Amino acid sequence: MRVTVRELAAVVQGRVIGDAELAITGFSSLNEAGPGDISFLANPKYVPFLAETRAVAVLVNGEHAAPHLVQVVVANPDFAFAAIVAAFGPKASPPPPGIHPTAVIGEGVTLGLGVAIGAHAVISDGVVIGERTVLYPHVYLGAGTKVGADCLIYPQVTVRERCTLGNRVILHPGVVIGSDGFGYATIEGVHQKIPQIGTVDIEDDVEIGANTAIDRARFDRTRIGKGTKIDNLVQIAHNVEIGAGCMIVSQVGIAGSTKLGRYVTLAGQCGVAGHLTIGDQATVTGQSGVSKNVP
């Protein structure tokens, strides 16, 4: 990559302070940047790093006393930096549209235009996949699964039978959707398995991090609402309902039949007991244990 500060600023509609024709060849954080890099200042506690950074240009939300740096003033430096990386940074190499010869495709499968299915993927009977969705190698879709348009499903993802993904869903490596809920009846000292015959519905624009598991419902469905973002290593039990726009951070566990409202945040390593309700816009801080309803 080799672009000018002016070209980068145009992408984010920023105001340049300094030499706009300076060449930029990379991206990095303030404390790790080297010559040629552009960086960003999003948190005020990192202002002292401006004096020490080796970056040649920095995205800021207001002018700073740093005459050795070219500054690009934007409303949100963090988001602007992400936009620049998306425009000029390295791109992933997904499988090309079409079906790899080693993929296994069942009976009655429906594929939209521009679908890409990678090596050794298994698509079971009756699956429906929307336009331009990409399945990386070694993905498994169970019978009757429905996947929307423009989804990205990375390697080693399993979506079991009859589950549904909306449009623009991203599943990172190792995600398991629709595994059995944890249900047993103990009869005379023996744990007898209770059938889990429901499904999982993942709505539009949901992103789910690596090695997260979302269990199918005992009856009806487990639901993840539109625009919710889930981090790595999260466990969501059977019949949980998560509203739109929630943020679920790494190593959270949510027990069965709990309901989250809209725009709830569960910070890292929270544990939430079953059959509870957490209200709209609630924030639960890291390592909390939730044993009662939260308004």
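The model is predicted: local features need pLDDT of at least 70 and side-chain atom pairs count only at pLDDT 80 or more, while totals for chains, interfaces and linings use all residues. Residues are numbered from 1 along each chain as its sequence is written, and side-chain values use heavy atoms, with hydrogens and water left out.

The chain contains two helices and 38 strands, where helices (H or I, at least four residues) and strands (E, at least two) are DSSP runs numbered from the N terminus. Its C-alpha trace spans about 75 × 50 × 25 Å along the principal axes. Of its 295 residues, 44% count as buried. The accessible surface is about 14,300 Å², with 55% belonging to carbon and sulfur atoms; these areas come from the Shrake-Rupley method with a 1.4 Å probe, and for residues only the protein chains shown count as cover. Among contacts (heavy atoms within 4.5 Å) between residues at least 6 apart in sequence, 18% join residues at least 24 apart.

Strands are taken as paired if DSSP finds at least two bridges between them. Strand 6 runs parallel to strand 5 (residues 37-40), to which three bridges join it, and L59 is the bridge partner of F40. Strand 6 also pairs with strand 7 (residues 70-73) in the parallel sense, over four bridges, with V60 opposite V73.

A nonpolar core is a set of buried Ala, Val, Leu, Ile, Met, Phe, Trp, Tyr and Cys residues joined through side-chain atoms within 4.5 Å. The largest such core has 47 residues, and L171, I177, I202 and L266 have the most contacts inside it. Leaving aside residues up to four places away in sequence, I177 touches several residues, including C163, L171, V200 and I202. Another core, of 15 residues, lies apart from the largest one and includes I24, A57, L59 and V70.

No disulfide (a pair of cysteine sulfur atoms within 2.5 Å) is present, the count being zero. For C163, the nearest cysteine sulfur, that of C151, is 14 Å away. C163 counts as buried because its relative accessibility is 0%.

Twelve salt bridges are found, each defined as a side-chain nitrogen of Lys or Arg within 4 Å of a carboxyl oxygen of Asp or Glu. R6 pairs with E21, the closest N and O atoms being 2.5 Å apart. R6 lies in helix 1 (residues 5-12) and E21 in the loop between strand 2 (15-17) and strand 3 (23-24), so the pair ties together parts 15 residues apart in sequence. R168 and D205 form another salt bridge (2.6 Å, N to O), linking loops 37 residues apart. R168 is partly exposed at 39% relative accessible area, as is D205 at 22%. Salt bridges with shared partners join R160, E161, D180, K193 and R216 into one network.

Definitions and conventions:
Buried < 20%, exposed > 50% of the residue type's maximum accessible area, 1.4 Å probe, protein only.
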